[in-house]
Amino acid sequence: MNRSPLILPSPALPARRRGLGLAVLSATAVALLGGRDALAAATKADARQHEADVRILNTALAAEYEAIAAYQVGAESGLLGSGALPLARQFQGHHKEHAQAIAAAVQKMGGTPAQAKAQYGFPTDRLKAEADVLRFAAGLERGAVSAYLGAVPLFADRNLAQVAASILGDEAMHWAVLRQALGEAPVPSAFMS
C-alpha cells in the first residue's frame with residue numbers, strides 16, 4: 001500500500017501542474033479521516049520519507065530561484081537581442097511557475113519553503129556578448145536537467161516524482177532551445193546523465 005502523501009489536483013491549474021495541486025493530505029490524515037487508526041499509526045514510519053520529499057523539493061526550489069535570478073541578470077545585461085530577450089523572459093516565467101508550485105507543495109506538506117538568496121555569485125564579469133549569456137543560461141538549464149533526473153527516483157511520493165519529471169522535461173527543452181540559439185546541436189546525445 002502506498003503510504004505517501006495524497007495530492008489532490010486543483011482544477012484551476014493546468015493539467016501538467018496538477019500533481020502539485022493546492023490540497024495535500026498525508027497518508028496519516030487520510031487514514032484518520034477514514035476511521036482507520038491502525039493504518040494511521042503505521043504511516044508514522046513514513047515520516048522520514050515525507051521529510052525527505054520536502055528536502056528534495058526545497059533543493060529544487062532553491063535551484064528554481066537561482067534560475068529566476070540568472071535570467072534576470074541576462075535580461076538586464078543589455079546583451080540579449082530582440083530574439084533572445086523574449087526567450088529569456090519566457091524561460092524565467094517558466095521557472096517562476098515551477099517555484100510557485102514547488103513552494104505551495106512544500107507548504108501543503110507542512111514544510112517551510114526555501115527562500116531565494118538576496119544575491120547570487122553569477123560570473124557577470126564573463127558575460128560580454130549575447131552568446132556568453134546564452135551559454136551561461138544553457139549551463140544552468142543543463143544542471144537543472146541533471147538535478148531533476150537525479151531527484152525523480154528519490155521521491156517516496158509518486159505524484160511528486162511525476163511533477164518533477166514534468167519540470168525536468170521543461171528544463172531539457174530550455175537547454176535544447178538555448179543550444180540551438182548558440183548554433184549547437186540542440187540534442188547532443190540520445191541519453192541524459
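The protein chain exposes about 10400 Å², and carbon and sulfur atoms supply 57% of that area. Please keep in mind as you look around that this is a predicted model.

**Overall make-up**
- Reading from the N terminus, the elements run β-β-α-α-α-α-α-α.
- The protein chain has 193 residues, and buried ones make up 42% of them.
- Among contacts with a separation of 6 or more, 69% are between residues 24 or more positions apart.

**H5 against H6**
- Helix H5 spans residues 130-151 and packs on H6 at an angle of about 155°, with the two axes 8 Å apart.
- How are H5 and H6 oriented to each other, roughly parallel or roughly antiparallel? They are roughly antiparallel, because an angle over 145 degrees counts as such.
- The crossing of H5 with H6 is left-handed.
- On the H5 side, the contact uses Leu134, Ala137, Ala138, Glu141, Arg142, Ala144, Val145, Tyr148 and Leu149.
- Facing them from H6 are Ala164, Ile167, Leu168, Glu171, Ala172, His174, Trp175, Leu178 and Ala181.
- Sorted by class, this contact of H5 with H6 has 14 nonpolar residues, one polar and three charged.

**H3 against H6**
- Helix H3 (residues 47-76) packs with helix H6 (residues 158-181) at about 25°, and their axes lie 12 Å apart.
- H3 and H6 are roughly parallel to each other, because angles under 35 degrees fall in that class.
- Here too you will find a left-handed crossing, with H3 and H6 as the partners.
- H3 brings Asp53, Leu57, Glu64 and Tyr71 to the contact, while H6 brings Leu160, Ile167, Glu171 and Leu178.
- Five nonpolar and three charged residues make up the contact of H3 with H6, with no polar ones.
- Ile167, Glu171 and Leu178 of H6 are worth a look in your viewer: they take part in the contact with H3 and also in the contact with H5.

**Arg48, a residue of H3**
- Arg48 is found in helix H3.
- Is Arg48 buried or exposed? With a relative accessible area of 67%, Arg48 is exposed, because the cut-off for that class is over 50%.
- Arg48 and Ala156 are 108 residues apart in sequence, yet their C-alpha atoms are 9.7 Å apart in space.

Conventions. Residues are numbered from 1 along each chain as its sequence is written. This is a predicted model: local features need pLDDT of at least 70, side-chain atom pairs count only at pLDDT 80 or more; totals for chains, interfaces and linings use all residues. Side-chain values use heavy atoms; hydrogens and water are left out. Helices (H or I, at least four residues) and strands (E, at least two) are DSSP runs, numbered from the N terminus. Buried means under 20% relative accessible area, exposed over 50%, partly exposed in between (1.4 Å probe, protein chains only). Contact means heavy atoms within 4.5 Å. Accessible areas come from the Shrake-Rupley method with a 1.4 Å probe; for residues, only the protein chains shown count as cover. Axes are lines fitted to C-alpha atoms, for helices over the stretch in contact, and angles run from 0 to 180 degrees between N-to-C directions. Angles under 35 degrees count as roughly parallel, over 145 as roughly antiparallel, 65 to 115 as roughly perpendicular and the rest as oblique. A crossing is left-handed if the near helix is turned anticlockwise from the far one by less than a right angle, and right-handed if clockwise. Ala, Val, Leu, Ile, Met, Phe, Trp, Tyr, Cys and Pro count as nonpolar, Asp, Glu, Lys and Arg as charged, and the others, Gly among them, as polar.
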